[in-house]
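Student: Could you take me through one part of this model up close? I'd like to see which pieces touch each other and how they sit together.

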Amino acid sequence: MQLLLDLHPDEYPLEGFRRRQLLEWVFVQGVGTFEAMTNLPAPLRSDLAARFQLNPFREIETVRSADGSAKYLFTLLDGRQMEAVYMPYLDRKTVCVSTMVGCPARCAFCATGAMGFGRNLTPGEIVGQVLAVAGGEGLEPREIRNLVFMGMGEAMLNYDHTMKAARILLHPQALGMSKRRVTLSTVGIAKGIRRLAEEDDLGLKLAISLHAPDEETRQKIIPTGAANSIEEIMAAARDYQAVTGRRVTLEYTMLRGLNDHLWQAELLAERLRGLVSHVNLIPMNPWDGSGFESSTEEQIQAFYDALEERGVDVSVRRSRGKDAGAACGQLALKRPGAATGAPA
């Protein structure tokens with residue numbers, strides 16, 4: 001049975017007024033069953049239920065953090081599992097969605113990478129995370145205005161499904177999100193970055209998880225990083241900027257004694273010369289068995305100062321949801337104080 005959320009709004013199985021009604025039930029009202037769509041004729045509801053699956057999830061668990069954020073653990077229809085994170089702020093509500101079950105990038109500091117790779121998510125399984133989180137938080141779907149493709153998985157390696165999900169989320173008859181509020185994160189797939197630049201109707205913001213300015217250190221952190229050298233990644237970022245005119249964000253997880261030396265800050269500043277960019281320094285979030293520690297506050301500040309002195313636009317990003325296992329790098333199907341869930 002086909003998952004309805006896998007369809008772009010223009011592909012929905014009804015025409016005209018009925019299509020608009022169906023889209024409103026799904027993306028404005030956020031209903032979970034066809035039976036709840038009371039202004040559709042009963043025979044039509046029955047026909048839709050016989051042809052389409054509306055809910056992509058078998059089960060949903062929620063782990064809440066003291067800071068107001070929440071981790072959502074989804075069991076998919078095939079029994080595999082993945083997670084998304086809800087992050088409320090004073091001026092916005094953000095959902096961090098996954099594009100894969102697990103992740104093939106295997107970043108050494110990331111709990112998701114330690115899981116290995118399960119499979120790609122479909123567009124509907126990606127979009128469904130936003131709808132499910134909205135429902136779980138007592139919100140209407142369109143109250144979620146910010147989205148980051150920064151959960152489990154490497155979005156550029158599930159490119160087509162991620163782009164279709166983005167187009168659904170941006171569509172005015174679906175969630176109507178602003179492209180300026182949707183960010184895609186990648187470990188640096190140069191081919192994908194250039195491909196993203198050509199998506200004229202999307203205009204998504206780009207974040208690159210660099211984590212080191214030198215090849216030797218970066219390949220210790222990202223074992224698969226050899227496939228795309230830092231030179232190739234930075235060249236692709238410059239091409240992206242030349243086409244889109246958009247600023248590029250660089251994500252840099254601070255790992256004690258590995259990538260936090262001042263000479264690395266100097267080299268990073270050199271790498272960024274001529275690129276309109278912003279660097280997010282992210283203190284490493286702990287998880288059992290990682291083998292890494294976060295840089296000290298003093299070292300983070302020294303690294304920050306070294307970048308700022310060289311004209312780099314930089315900030316320190318404090319992750320939400322650490323106590324719920326929901327912070328950056330912690331997603332691994334774990335519940336705080338419990339054993340690891342079955343890897344997908």
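Tutor: Let's start where helix 6 meets helix 8. On the helix 6 side you'll find Ala-190, Ile-193, Arg-194, Leu-196 and Ala-197, and they touch Glu-232, Ala-235, Ala-236, Ala-237, Asp-239, Tyr-240, Val-243 and Thr-244 of helix 8. Sort the residues in this contact by class and you get nine nonpolar, one polar and three charged. Keep in mind that you're looking at a predicted model.

Now for how the two helices line up. Helix 6 covers residues 190-197 and helix 8 covers residues 230-244; their axes are 9 Å apart, and the packing angle is about 0°. Anything under 35 degrees counts as roughly parallel, so that is what we call helix 6 and helix 8.

Helix 6 also turns up in another place: it is part of what covers the buried residues of helix 5. Helix 5 runs over residues 159-170, which is 12 residues, and spans 16 Å from its first C-alpha to its last, close to the 16 Å expected at 1.5 Å a residue. Which of its residues are buried? They are Tyr-159, Thr-162, Met-163, Ala-165, Ala-166, Ile-168, Leu-169 and Leu-170. Besides helix 6, the cover includes helix 1 (16-29), helix 4 (123-136), strand 9 (146-149) and strand 10 (182-186).

Take helix 4 from that list. Its axis comes within 8 Å of the axis of helix 5, and the two cross at roughly 45°. Angles from 65 to 115 would be roughly perpendicular, and under 35 roughly parallel, so helix 4 and helix 5 end up as oblique. The crossing is right-handed. Helix 4 brings Pro-123, Ile-126, Val-127 and Val-130 to the contact, while helix 5 brings His-161, Thr-162, Lys-164, Ala-165, Ile-168 and Leu-169. By class, that's seven nonpolar, two polar and one charged.

Strand 9 was on the cover list too, and Asn-146 lies in it. Is Asn-146 buried or exposed? Its relative accessible area is 13%, and the cut-off for buried is under 20%, so Asn-146 is buried. Leaving out residues up to four places away in sequence, Asn-146 touches Arg-92, Lys-93, Thr-94, Val-95 and Arg-181.

One last stop is Ser-209, in strand 11 (residues 205-209). With 11% relative accessibility, Ser-209 counts as buried as well. Setting aside neighbours within four places in sequence, Ser-209 is in contact with Ser-185, Thr-186, Val-187, Arg-218, Ile-222 and Glu-251.

Technical notes. Residues are numbered from 1 along each chain as its sequence is written. This is a predicted model: local features need pLDDT of at least 70, side-chain atom pairs count only at pLDDT 80 or more; totals for chains, interfaces and linings use all residues. Side-chain values use heavy atoms; hydrogens and water are left out. Axes are lines fitted to C-alpha atoms, for helices over the stretch in contact, and angles run from 0 to 180 degrees between N-to-C directions. Helices (H or I, at least four residues) and strands (E, at least two) are DSSP runs, numbered from the N terminus. Angles under 35 degrees count as roughly parallel, over 145 as roughly antiparallel, 65 to 115 as roughly perpendicular and the rest as oblique. Contact means heavy atoms within 4.5 Å. Ala, Val, Leu, Ile, Met, Phe, Trp, Tyr, Cys and Pro count as nonpolar, Asp, Glu, Lys and Arg as charged, and the others, Gly among them, as polar. The expected span of a helix is 1.5 Å times one less than its number of residues. Buried means under 20% relative accessible area, exposed over 50%, partly exposed in between (1.4 Å probe, protein chains only). A crossing is left-handed if the near helix is turned anticlockwise from the far one by less than a right angle, and right-handed if clockwise.
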